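Visitor: Walk me through this model, please, and back up each term as you go.

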Amino acid sequence: MLCLSDHFVLSVLWIEHRDGGLRPMDADQLREHAHKMVDFIADYYKSIENFPVLSQVEPGYLSRMLPDSAPNHPESLEDIFNDISAKILPGVTHWQSPNYFAYFPSNSSIAGFLGEMLSAGLNIVGFSWITSPAATELEMIVLDWLAKLLKLPDDFLSGGQGGGVIQGTASEAVLVVLLAARDKMLRTVGKNALEKLVVYTSDQTHSALQKACQIGGIQPENCRLLETDSTSNYALSPDVLCETIAHDIAIGLIPFFLCATVGTTSSTAVDPLLPLGKIAKSNGMWFHVDAAYAGSACICPEYRHYIDGVEEADSFNMNAHKWFLTNFDCSALWIKDRNALAQSLSTNPEYLKNKASQANMVVDYKDWQIPLGRRFRSLKLWMVLQLYGIENLQCYIRNHIKLAQQFEVLVAQDLRFEIVTPRIFSLVCFRLLPSQNSKDHGNELNHHLLDTVNSTGKVFLSHTVLSGKYILRFAVGAPLTEERHVTAAWKVLQDEASALLRSL
């Protein structure tokens, strides 16, 4: 149970006007209650290791604990905090726990939190420049900063025909560029050719691309998920791509979009950007690079080479909310031709017209995204860059990679386990070796191991399947993770593996 601060006082979050109406925003009351919320959150972080990392509740648990309808009268903030502790937190999987090693990280930080707080306080809806000039201009500036930090080509900077935009997720980023690529191609070959358009990517690419194809009207059979294997460490083969494109052209189809990944979800495989980009260019295709996870590592000079060839790309994406200490959501997308996005996504109703927009003097980010409304998300990224600085951010990334290296060594030293793919960044893919007469390559064995490890509540890992084998993933990246947490996690894995093997 999370303990509340001793100075907590009973109160309700509303003040009446003289006429008896609700007054939901009052500066003095905001100061009082916001202090209590910060205390509550700070206490949560102090005690975060006391919670089971993976929530242990059963489906439907919360409906049995909360009333059937909203209250007619206000409740005290103290009662609400008690409800959070007793009812909400048991159903939370603690992504910020230092013992969280599942999926990919979703970083939180003081700087990101403060930026989020300021964004919530200002609560602007910055769909066009005029609705809050600072929101548009700060976004352009900080994404130029980040592009320069990544050494992206000048074509991606806001001073030319391209620029950066913050999307909610990488899923939104790949959707908007696919729509831009689709419409650009259809303007050339005719709108009736939609059913002939073909998308190319590897079978390791995030499923968000398949969803984008569904939304964009691309025929499912025209989404080429090209097979990869361990011989290329699950990277997309340029030769396989060339052969597939040639075949499709021969039967009258139209290649239009190629997505490469730097740091795939399953194993952080890195597709060879330079040869893939040249293939895309020679076939008149849009080339998108998804570096949602690993892009953050490329701020370090020793890892920048993993995005060599990005100069061939039409668009590039990384999630600052994964591994760059920027609270969710903040997905940075850069594009070389901003007009391609606007031609697909722009609307210009009378009620949104204004002098600056009509004169093409400004950027209106509503034309770079699916929704109209947008939050002041650049504040978070600005605060992270300002409060931490480049050197500290690079050290932060390097430390996680070092911890992953240490875990990799521990796994390699235990002959009961094997490393499945070479570690590149801070993800280790490994498995418990099955007996020689195993009929399923040890898949059930490793599935059982993962379930027992996660059910302890001490750590949380996730899995994938590579070449038909069930693989455990150990992703280091939570802001609070230290060497002791990695060592303790390995001890849990060893203990549960020993118990499992004894039971066979």
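Guide: Sorted by class, the largest cavity is lined by 4 nonpolar, 2 polar and 3 charged residues. Here Ala, Val, Leu, Ile, Met, Phe, Trp, Tyr, Cys and Pro count as nonpolar, Asp, Glu, Lys and Arg as charged, and the others, Gly among them, as polar. Ground rules: this is a predicted model, where local features need pLDDT of at least 70 and side-chain atom pairs count only at pLDDT 80 or more, while totals for chains, interfaces and linings use all residues. Residues are numbered from 1 along each chain as its sequence is written, and side-chain values use heavy atoms, with hydrogens and water left out.

Visitor: Which residues line the largest cavity?

Guide: Ile 124, Gly 126, Ala 135, Thr 136, Glu 139, Tyr 365, Arg 374, Arg 375 and Phe 376. The space inside comes to about 40 Å³, and a search of the whole structure turns up 1 cavity of 30 Å³ or more.

Visitor: What makes a cavity a cavity rather than a pocket?

Guide: On a 1 Å grid over the protein atoms alone, a cavity is a set of points where a 1.4 Å probe fits but cannot get out; a pocket is an open set with protein on both sides within 12 Å along at least five of seven lines, and lining residues have an atom within 4 Å of a point. A volume is the space filled by probe spheres set on the points, which are joined across faces, edges and corners.

Visitor: What volume does the largest pocket have?

Guide: About 1200 Å³. It has 35 lining residues, and Met 37, Val 38, Ile 41, Phe 113 and Met 117 are the closest to its centre. The elements giving two or more residues to that lining are α1 (27–46), α2 (77–88) and α3 (110–122), and α1 gives the most, with 12. By class the lining of the largest pocket has 22 nonpolar, 10 polar and 3 charged residues.

Visitor: And how does the lining of the second largest pocket divide?

Guide: Into 12 nonpolar, 17 polar and 3 charged residues. That pocket holds about 530 Å³ of space. Phe 104, His 206, Thr 265, Asn 319 and Lys 322 are the closest to its centre among 32 lining residues. At least two lining residues come from each of α5 (170–189), α6 (208–215), β6 (254–261), β7 (286–290), α9 (320–323) and β12.

Visitor: How do you know where those helices and strands are?

Guide: They're DSSP runs, numbered from the N terminus: helices are H or I with at least four residues, strands E with at least two. The chain has 14 helices and 13 strands.

Visitor: Why is the protein chain called as compact as a globular protein of that length?

Guide: Its radius of gyration is 25 Å, close to the 23 Å that the globule rule gives for 504 residues, so the label holds. The radius is taken over C-alpha atoms, and the rule is 2.2 Å times the number of residues to the power 0.38. Along its principal axes the C-alpha trace spans about 75 × 75 × 45 Å.

Visitor: What makes β13 mostly covered?

Guide: In β13 (469–475), 6 of the 7 residues are buried. Two strands pair if DSSP finds at least two bridges between them. Val 428 stands opposite Phe 474, and His 463 has Leu 472 as its bridge partner. The β12–β13 hairpin has 2 residues between the strands, and Ser 467 there takes a positive phi near 50°.

Visitor: What makes Tyr 234 and Leu 325 stand out?

Guide: Most residues other than glycine have a negative phi, and most peptide bonds are trans. Tyr 234 has a positive phi of about 65°, and Leu 325 one near 60°. Tyr 234 lies in the loop between β5 (223–226) and α7; with a relative accessible area of 5%, it's buried. Leu 325, in the loop between α9 and β9, is buried at 8%. That α9–β9 loop also holds Asp 329, joined to Phe 328 by a cis peptide bond with omega about 10°.

How values were computed: Buried < 20%, exposed > 50% of the residue type's maximum accessible area, 1.4 Å probe, protein only.
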